[in-house]
2 protein chains.
Amino acid sequence: MKSAIGVFDSGVGGLTVVKELINHLPGENIVYFGDTARVPYGIKSKETVIRFSIENILFLLKQDVKLICVACNTASSLALPSIRHHFRIPIVGVIGPAAKEAVYATRNKRIGVIGTRGTIKSRTYENEIRLLDPQIKVTAVACPLFVPFVEEGVFKGEVINKVAQTYLKPFKDNRVDTLILGCTHYPIIKPVIRQIMGDQVTLIDSAKQVALEIKNILTADRMLNKGARGKHGFYVSDNPEWFSGLARTFLGKPITNAKKVEQCSL
Amino acid sequence: MKSAIGVFDSGVGGLTVVKELINHLPGENIVYFGDTARVPYGIKSKETVIRFSIENILFLLKQDVKLICVACNTASSLALPSIRHHFRIPIVGVIGPAAKEAVYATRNKRIGVIGTRGTIKSRTYENEIRLLDPQIKVTAVACPLFVPFVEEGVFKGEVINKVAQTYLKPFKDNRVDTLILGCTHYPIIKPVIRQIMGDQVTLIDSAKQVALEIKNILTADRMLNKGARGKHGFYVSDNPEWFSGLARTFLGKPITNAKKVEQCSL
């Protein structure tokens, strides 16, 4: 697949980014790698997430990609600042685009961020936002049960509502007017978050923002693929059945061609 | 640490087994390895769990162990049948001992099993039980949200009660009188399970059963350590802080000496 956009994620969540890439860049070829043998990254150390991310990038580079998107918020937070300049092709993470959009959207200069433990502990969103506007007050809360809920199909109902009310209370107390969904799984449970936060709060979906950013970069660099309909290939490090089973939820359509990559080729 | 019992687990759950080993074999040295870089195993494929398990065993063999305990139910179910005979030292999993105790305990020949998706899908508990008594009816249900609940400290309350009621309903419907807690995390939420299942149902804790089995093997082979108080060493493949933070819950006491093992030495 010549000159594709390479996308990697710890597992299946990055497919929400692929969905937006297909929406906004229908002509582009996409190669996706999900590290399902080592998923999740959210509780793992910076050092380990950096090692995994470099291995994933090296795999994608073999697929002849022109740009790499780190679709995982944890990898974007923990690894991208250290490794982005090791490589010649552009590498785009999900943090910057979402932070920029949130700064643009807020009226009262109070922004909230939800994510995995790794993402929140790294303070990468806070740092990005403060670089853009040091006046903004950022409230950040880890929501570690949201990923298992989404992966187990618990998208609504009493259980997730109760947990979400607890997680989201600090944002209501701090009257944020903008909330960043800082994990690729969270767009799936947007209705739950919307109901608790209310219609006045802007929810920023990092998947959509990164797709728009990539469109800008490819346009500026004259690397846009003018083809009518791109090809999409999916690779995983384990369990293509599990991955394909969840794909419909995240991508909005089924995946039938996910291939397992042998560890030695990583 | 000469002639220790080697124990491995996908992460922190196997510490419930270590707790029972210390109870029943206070003189033994123990070397524990938690594969926290690749945790959890519960959703991963048989092939991958076999590969990870072999790597973990090879690490323990370097520590001069006399017996290896596979403290993880998923690894015991998916990997142990294929790899147990590759090695010269005894390798003991958690499935056999718990299955044996359940067959002994049941009066109405209806046994329930809860575990991860991997454990339940493998049908290893059912096969073990049917080998012992083909008359027994086994009901098996995967409870994938229990592990994240335990790791996030959700041991009681409305949320876990609601989820547990849903998971455990088939056992009440099928009137099992014995329920195997087929995951090392589940002893932590025994009170929740006990309350739903009632006092008449026997809960079989695989951690305790495997400790008793190991005591039998070491006694029969005259390998018991007569020392008064064994030494306990803990190794992880990532994030010793996360591991140590959860240790008190699983082991009942803090761990201060957990060491990270570099991947290259695995």
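**The sheet, strand by strand**

Reply: Let's begin with strand β7 (residues 178-181) of chain A, which pairs with β8(A) in the parallel sense over four bridges. Two strands count as paired if DSSP finds at least two bridges between them. Helices (H or I, at least four residues) and strands (E, at least two) are DSSP runs, numbered from the N terminus. This is a predicted model, where local features need pLDDT of at least 70 and side-chain atom pairs pLDDT 80 or more, while totals for chains, interfaces and linings use all residues. Residues are numbered from 1 along each chain as its sequence is written, and chains are lettered from A and ligands numbered from 1 in the order written.

Within that pair, T178(A) faces T202(A) of β8(A). β7(A) also runs parallel to β5(A), joined by four bridges, with G112(A) opposite L179(A). β5(A) in turn pairs with β6(A), again parallel, over six bridges; there, I111(A) has V138(A) as its bridge partner.

Put together, these strands form an open sheet in the order β6-β5-β7-β8 (chain A). Its edges are β6 (137-142) and β8 (202-205) of chain A, each pairing on one side only. From one strand to the next, the twist averages 20°.

Now for the helices. α7 (residues 124-132) of chain A lies across β5 (110-115), β6 and β7, at about 165° to β6(A). α9 (residues 158-173) of chain A lies across β5, β6 and β7 too, at about 175° to β6(A). Angles run from 0 to 180 degrees between N-to-C directions, using axes fitted to C-alpha atoms, for helices over the stretch in contact; contact means backbone-placed C-beta atoms within 7 Å.

Finally, β5(A) is mostly covered, with five of its six residues buried (20 or more other C-beta atoms, placed from the backbone, within 10 Å of a residue's own).

Definitions and conventions
Contact = placed C-beta atoms within 7 Å. Buried ≥ 20, exposed ≤ 12 C-beta atoms within 10 Å, placed from the backbone.
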